[in-house]
Amino acid sequence: MKLNHPSRSPGLRRRRFLASLLGAAGVSTTLPLPLSGADAPAGNDAGADYLKELEENERKARSKDGKAIIGIGDKLKITKIETLLVKPRWLFLRIHTNAGITGLGEPIVEGRAKTVATAIEELTPYLIGKDPRPVAHHWQAMYRHAFYRGGPVLTSAISGVDQALWDIKGKALGLPVYELLGGPTRTRVRAYAHAGTVERIKQRQAEGFTAFKTTPFKERPARIVENKAFIDKAAGRFAELRQAVGDESDIAIDFHGALSQQTARLLIKALEPFQPMFIEEPVNCQEVDVMADIARGTHLPIATGERIFTKWGFREILEKKAASILQPDLCHAGGITECRLIAGIAEAFYAAIAPHNPLGPISLAAGLNLAAAIPNFLCQEQSSLGVGYIKKPFQIRDGYIDIPTAPGLGIELDEHALANKIDHDWRNRETYDADDGSVVDW
């Protein structure tokens, strides 16, 4: 009978293998590793000892962390961070300081508000006690101290914090944020409204808007390859909108990344005679090469960016010339700090910036400050001018909004008006194909 050599025991081999890995990582391997009940000595709580050792090693590693030099001050400190779920689907952020100055931000992933609120909680230990004014330094710390970087949740949380820090810095200095970004390049900011019907677009025109955005008319979700009737109806609806407001107004159309490239190409060709201001997300934003090919095949401007995060995400779009209009969302892409850098990179490629914003008035205020400070701004999306949310709502005049003049972001929340808008449980829509029940984009 052949006996197993001790060194060939499966349990021992596993222990030695894991011990070598932990040793390479700086973890002591003097204790037995409890890989299974058969491996652990009877009556010995090796698992608890092992966890205690890991905790101790983590404590020692933490004790060797570098001490922050920038952002530590006695005169101005962050003392409290709070988030508010606000109807219809927003998340507001308020950062308090020991000087009584508060900063506002709007960190949100639509349909994931509570997830982002938790991400804010995870950033809080870093922020409490810090001087809020070195904004770019804090951005780097929040982004780079996460081993797993990027993604919509983290960058949206950072975006809201970044907006609030700029708000505090501006208020502390008595200046609008755009003054801290180099001063204004314009005195007012063009904005566009959403409208999908003739009645609605005429109403928004009467309110003072001269630019609009719609979506393709569709009685059902688009198929991978669509028939002529679908394309004709979608183009016909756009033609009706064009006729309703005339050729002096601009109308963009958002495909929402929900069309296949086959159908997108057909619809773009049909829309060309009506000259849309731009075609937004003709295909999913991840299909950069396809989008670049579509851009080469039409004289209409291609826009994208609402689901792209940080300067690194936009680099490929610009390098491959997939779009000439970038739409970073200041609540998703990294806040004011990062979107200012994105705008600078875009300028080098002769691309324009049209910030995405289907959200609230804090997001709009951040966008207006960015638009005021960059030379390659095109148009600002908005869904709320702040009525019922801020003390002095923005006003549209001849298609434009005057840039804010108050310090920071230039707005104050209307606490009384907000009282009946706190809390929501907004969820993303669930859409299915009516013919076969498959999941479709909305």
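Colleague: Which residue in strand 12 does Val189 stand opposite?

Modeller: This is a predicted model, and in it Val189 stands opposite Ile401 of strand 12. The pair belongs to an antiparallel pairing between strand 4 and strand 12 (residues 400-402), which extends over three bridges.

Colleague: In which sense does strand 4 pair with strand 11?

Modeller: Strand 4 and strand 11 (residues 380-381) pair in the parallel sense, over two bridges. Within strand 11, Glu381 is the residue opposite Tyr192.

Colleague: How many bridges join strand 4 to strand 5?

Modeller: Two bridges join them, and strand 4 and strand 5 (residues 211-214) run parallel. His194 has Lys213 of strand 5 as its bridge partner.

Colleague: What unit do strand 4, helix 7 and strand 5 make?

Modeller: Together with helix 7 (residues 198-206), strands 4 and 5 make a β-α-β unit, and the unit is right-handed.

Colleague: Let us turn to the helices. What describes two packed helices?

Modeller: Two quantities are used: the angle between the axes and the distance between the axes. For helix 3 (residues 113-127) and helix 4 (residues 135-144), the axes come within 11 Å and cross at roughly 125°. Angles over 145 degrees would count as roughly antiparallel and those from 65 to 115 as roughly perpendicular, so helix 3 and helix 4 are oblique to each other. Helix 3 contributes Leu123, Tyr126 and Leu127 to the contact, while helix 4 contributes His137, His138, Ala141 and Met142.

Colleague: What is the handedness of the crossing in which helix 3 passes helix 4?

Modeller: The crossing of helix 3 past helix 4 is right-handed.

Colleague: At what angle do helix 9 and helix 10 pack?

Modeller: Helix 9 (residues 261-271) and helix 10 (residues 288-296) pack at about 20°, and their axes are 11 Å apart. Angles under 35 degrees count as roughly parallel, and helix 9 and helix 10 are therefore roughly parallel to each other. Helix 9 passes helix 10 in a right-handed crossing.

Colleague: Which residues make the contact between helix 9 and helix 10?

Modeller: On helix 9 they are Gln261, Arg265 and Ile268; on helix 10 they are Val290, Asp293 and Ile294.

How values were computed: Residues are numbered from 1 along each chain as its sequence is written. This is a predicted model: local features need pLDDT of at least 70, side-chain atom pairs count only at pLDDT 80 or more; totals for chains, interfaces and linings use all residues. Side-chain values use heavy atoms; hydrogens and water are left out. Two strands pair if DSSP finds at least two bridges between them. Helices (H or I, at least four residues) and strands (E, at least two) are DSSP runs, numbered from the N terminus. A crossover is right-handed if, with the strands pointing away from the viewer, the path from the first strand over the helix to the second runs clockwise. Axes are lines fitted to C-alpha atoms, for helices over the stretch in contact, and angles run from 0 to 180 degrees between N-to-C directions. A crossing is left-handed if the near helix is turned anticlockwise from the far one by less than a right angle, and right-handed if clockwise. Contact means heavy atoms within 4.5 Å.
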